[in-house]
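Please keep the sequence and the coordinates at hand while reading.

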Amino acid sequence: MALQFSDSVRNQMLDAIETATGTSAVLKVFTGTAPANVGTADSGTLLINATLPSDWMAAASGGTKAKSGTWEDLSADGGTASTPGYFRIYATGGATCHLQGTAGIGSGDMQFNGTITAGQSVTVTSFTLTAPGV
């Protein structure tokens, strides 16, 4: 049997992610496939490098935690009509990666509404974390 957790425990797990990462978390989005783990160096072309809102995630509820506020980069980095492949969320200052996952146009762990071109304004349309152990 797989481990199971109450919603209270699952919510606390998720809220701890935002606490550990800090109030000035940095979002970076790249082309290509995510590295093997969060300790591995970035790969691909950097498309977005933005500081997230101070309270970047809503309080966890029912074992899920959704983005809070507007996640945007008013002037995207490199690429001409590039497709996002993966994202990373770093602690304040952008040095320590705490979270990574897939990114895509209408799909993936983090979703965008179209390709990303250097200089354009880009907004994350969807991002939700779900705790394991239901």
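**Nonpolar cores**

The largest nonpolar core has 25 residues, and those with the most contacts inside it are Leu27, Trp71, Ile89, Met110, Phe112 and Phe127. Here a nonpolar core is a set of buried Ala, Val, Leu, Ile, Met, Phe, Trp, Tyr and Cys residues joined through side-chain atoms within 4.5 Å, and buried means under 20% relative accessible area, with exposed over 50% and partly exposed in between (1.4 Å probe, protein chains only). This is a predicted model, in which local features need pLDDT of at least 70 and side-chain atom pairs count only at pLDDT 80 or more, whereas totals for chains, interfaces and linings use all residues. Residues are numbered from 1 along each chain as its sequence is written, and side-chain values use heavy atoms, with hydrogens and water left out.

- At least two residues of this core come from each of β1 (26-30), β2 (46-51), β5 (86-90), β6 (97-105), β7 (110-112) and β9 (126-130); helices (H or I, at least four residues) and strands (E, at least two) are DSSP runs, numbered from the N terminus.
- The strand that gives the most to this core is β2, with three residues.
- A second, separate core of five residues includes Phe30, Tyr86, Tyr90 and Cys97.
- Leaving aside neighbours within four places in sequence, Ile89 is in contact (heavy atoms within 4.5 Å) with residues that include Leu27, Trp71, Cys97 and Phe127.
- As background, nonpolar side chains tend to be buried together in soluble globular proteins.

**Overall fold and dimensions**

- Taken along the principal axes, the C-alpha atoms fill a box of roughly 45 × 30 × 25 Å.
- Of the 134 residues in the protein chain, 39% are buried.
- Among contacts with a separation of 6 or more, 66% are between residues 24 or more positions apart.

- Asp73, which lies in strand β4 (residues 72-73), is buried yet has no salt bridge, and the nearest side chain of opposite charge, that of Lys28, is 11 Å away.
- The side chain of Asp73 reaches the backbone nitrogen of Ser75 at 3.0 Å.
- Not counting residues up to four places away in sequence, Asp73 touches Leu47, Ile48, Asn49, Ala50, Gln120, Ser121 and Val122.
- Ser121, found in the loop between β7 and β8 (122-123), is partly exposed, with a relative accessible area of 43%, and with the same exclusion of sequence neighbours it touches Glu72, Asp73 and Leu74.
- Although Ser121 and Ser75 are 46 residues apart in sequence, their C-alpha atoms are 5.2 Å apart in space.

- Ala81, in the loop between β4 and β5, has a positive phi of about 50° although it is not a glycine.
- Ala81 is partly exposed, with a relative accessible area of 44%.
- For comparison, most residues other than glycine have a negative phi.

**Salt bridges**

- The structure holds four salt bridges, one of which joins the side chains of Asp7 and Arg10 (3.2 Å, N to O).
- Asp7 and Arg10 are three residues apart in helix α1 (residues 7-21), so about one helical turn separates them; Asp7 counts as partly exposed at 39% relative accessibility, whereas Arg10 counts as buried at 4%.
- Asp15 forms a salt bridge with Lys65, the closest N and O atoms being 2.5 Å apart, and this pair links distant parts of the chain, with Asp15 in helix α1 and Lys65 in strand β3 (residues 64-66), 50 residues apart.
- Glu18 also forms a salt bridge with Lys65, with the closest N and O atoms 3.4 Å apart, and both Glu18 and Lys65 are buried.

Conventions: Lys, Arg positive; Asp, Glu negative; His and termini not counted. Polar contact = N/O pair within 3.5 Å; in protein donor to acceptor, adjacent residues only side chain to side chain.
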